[in-house]
Amino acid sequence: MEHLLSKINNPSDLKKLSANQLPQLAKELRDFIIDVVSKKEGHLGASLGVVELTIALHYVFNTPDDVLVWDVGHQAYGHKILTERRAVFHTNRALNGISGFPKISESSYDTFGVGHSSTSISAALGMALASQLKGDFEKQHIAIIGDASIASGMAFEGLNHAGVTDANLLVILNDNAIGIDLSIGALKNYLTAVKEGKNPKQNNIIKSLNFDYSGPIDGHDLPKLISELERLKLVKGPKFLHVITTKGKGLQLAEEDQVKYHAPGKFDAKTGEIHLKNEVDLPPKFQDVFGHTLVELAQNNDKIIGITPAMPTGSSMKYMMEAFPKRAFDVGIAEQHAVTLAAGMATQGMVVFCNIYATFMQRAYDQLIHDVALQNLPVIFCLDRAGLVGEDGATHHGVFDIAFLNCIPNVIIAAPKDEIELRNIMFTASEGLNKPIAIRYPRGRGEIINWQLPFEKIEIGTIKELQKGSKIAVFSTGTIGNNVTKALHAVENVGVFSHYHFPFIKPLDEKAVIELISVHNQVITIEDGVVKGGFGSQINSISTTNNLNKRIINLGIPDEFIEQGTVFEQQQICKIDVDSIIQLLKKISDD
Ligand SMILES: Cc1ncc(C[n+]2csc(CCOP(=O)(O)OP(=O)(O)O)c2C)c(N)n1
């Protein structure tokens with residue numbers, strides 16, 4: 001049989017196919033995604049689920065003049081492949097390759113940059129209103145959003161606004177009843193009822209928001225999708241199409257274990273079997289140190305609560321959910337709600353561990369300031385995936401948190417260097433600090449195998465001397481300090497260098513910092529966060545305010561967005577990898 005996908009570079013090639021060739025194309029596209037992702041890794045299940053929808057959208061609409069806005073964007077692999085990126089798809093998520101998410105600078109078909117969820121309706125509505133103002137009534141504006149993402153506050157805000165406009169907006173709900181973990185909430189229950197035909201049409205929540213609602217339809221049925229999209233093209237004003245799909249469609253194991261196959265790592269393209277990594281004798285992932293430690297603490301304190309906004313597996317909050325189902329809450333993709341919910345619980349004396357990836361904490365900034373810090377509520381935030389995160393790239397780095405937390409009164413900022421310190425800071429916080437605390441730790445594994453030691457309290461604001469020298473002091477915070485330790489092992493002149501680890505970025509013991517700066521000739525600060533406004537900048541400010549007049553070099557993330565690659569490559573770009581630190585130490589000790 002003639003291979004179709006290899007002849008399609010863009011949607012105009014796709015439009016040359018007859019409708020009855022499209023199921024074959026869907027199979028080829030699915031096989032292509034499976035083949036590449038099985039070797040190169042990446043998000044799998046979500047893209048497999050929207051293969052037919054992707055083909056139908058590009059077949060019916062006149063992209064890129066008509067705009068498709070994919071929510072989150074991890075499901076847009078098929079879209080990328082059909083829009084001039086098939087040949088480079090093997091570079092997905094790699095350094096200098098294509099991004100794992102739609103990105104305006106990458107292609108005119110990527111109409112809006114995504115990565116964080118629930119933005120598509122607002123963005124597409126903005127485009128639709130702009131078209132109207134420009135007098136363009138032909139252009140179609142389409143947001144494709146999942147059932148987990150549509151339950152987020154921002155998506156509701158977009159729907160609420162769209163419903164009082166006559167904007168030419170089509171919202172497509174890709175309903176597969178799963179986010180990364182199972183979708184939760186009353187809206188999900190409602191959508192399931194609609195799917196099962198249990199909900200009377202006159203009570204339709206979307207219709208009551210003034211949308212022209214249609215569906216639910218089978219999102220794997222190409223003829224149905226195409227005829228419905230053709231019809232909707234002619235309907236004026238805000239429209240909503242409810243599409244039912246299966247995450248992982250076409251790869252049996254991925255359909256059966258949708259959580260694991262969200263991003264399965266390398267696997268056998270034919271059978272779907274995941275290539276098992278040898279994980280025996282490896283140090284734990286930080287997320288698991290968090291998850292298991294929380295359960296241990298909760299066993300001895302029935303006031304302890306866990307909250308996660310839609311990341312029970314990724315954050316390992318699932319252990320708390322299994323052990324104490326009544327005291328652990330997955331609130332869906334709702335970071336703002338998670339933070340204020342935690343604040344509410346804290347007012348009632350609960351000890352709340354609210355686990356949010358550092359990058360997603362950005363969503364809840366006002367809640368953090370207004371609901372938590374201003375009232376000095378002792379919520380314990382655990383910021384997972386802090387620092388550079390690798391292949392997810394610029395949308396997902398947790399590099400802004402130190403800077404955006406530094407300026408908020410009352411908040412303690414902690415950055416443990418290893419698993420044991422993370423445990424002990426969690427323990428210390430659970431004992432009561434009378435203030436909010438944010439504990440940041442990175443993606444991936446630590447370096448200590450025997451980490452489950454008895455808890456020890458750690459003094460807030462303490463500074464740890466790891467090495468004492470006479471001339472140059474390195475101040476590090478968090479796990480990036482391990483790069484410093486390795487670099488210091490590799491340089492000679494051992495007596496020259498001091499190394500101080502700051503488990504706390506805030507509060508800083510100013511007296512101690514002044515003393516340390518004063519007894520050295522030079523200071524290097526290093527953090528895996530942005531230099532501007534970060535840890536180093538606080539050290540600079542102490543130095544200048546006190547006229548210490550010492551040279552300080554600040555290492556960290558420069559004032560630019562760091563694109564996808566491995567964490568190691570990203571550290572090299574920022575010059576915070578072990579070798580770059582060695583080069584710097586050698587250079588300044590020779591000066
Ligand atoms: C603000 C924000 N919080 C959390 C995430 C992490 N996240 C990525 S995908 C996803 C689930 C999305 O599920 P859904 O909207 O149903 O889309 P589908 O995967 O089914 O396409 C989550 C929680 C995110 N990208 N953005």
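Reply: **The ligand shell and the packing beyond**

The shell around the ligand divides into 8 nonpolar, 10 polar and 4 charged residues, where Ala, Val, Leu, Ile, Met, Phe, Trp, Tyr, Cys and Pro count as nonpolar, Asp, Glu, Lys and Arg as charged, and the others, Gly among them, as polar. This is a predicted model, in which local features need pLDDT of at least 70 and side-chain atom pairs count only at pLDDT 80 or more, while totals for chains, interfaces and linings use all residues. Residues are numbered from 1 along each chain as its sequence is written.

In total 22 residues surround the ligand, the closest being S117, G146, A148, S149 and G179; a residue counts as near when its C-beta atom, placed from the backbone, lies within 6 Å of the molecule. Because domain 1 (21-262) and domain 2 (286-440) both give residues to this shell, the ligand lies between them, the domain bounds coming from an automatic or database domain assignment.

Turning to the packing, the largest nonpolar core has 161 residues, and those with the most contacts inside it are I142, C354 and I439. Such a core is a set of buried Ala, Val, Leu, Ile, Met, Phe, Trp, Tyr and Cys residues joined through C-beta atoms within 7 Å, and buried means that 20 or more other C-beta atoms lie within 10 Å of a residue's own, whereas exposed means 12 or fewer and partly exposed lies in between, with C-beta atoms placed from the backbone. Leaving aside residues up to four places away in sequence, I439 touches F381, C382, L383, A414, P416, L422, I425 and M426, contact meaning C-beta atoms within 7 Å.

Helix α8 (residues 186-195) has K188, L191 and V194 buried; helices (H or I, at least four residues) and strands (E, at least two) are DSSP runs numbered from the N terminus. Seen down the axis, these buried residues fall within an arc of 115°, so they line one face of α8, the arc being that of the directions from the helix axis to the C-beta atoms. They pack against β3 (169-175), β4 (212-218) and β5 (239-244), while the face turned away from the buried side of α8 carries the exposed A186 and N189. Just after α8, G197 takes a positive phi of about 75°.

Finally, Y261 lies in the loop between α11 (252-256) and α12 (286-300), and it counts as buried because it has 24 C-beta neighbours inside 10 Å. Although Y261 and L44 are 217 residues apart in sequence, their C-alpha atoms are 6.3 Å apart in space.

How values were computed
Contact = placed C-beta atoms within 7 Å.
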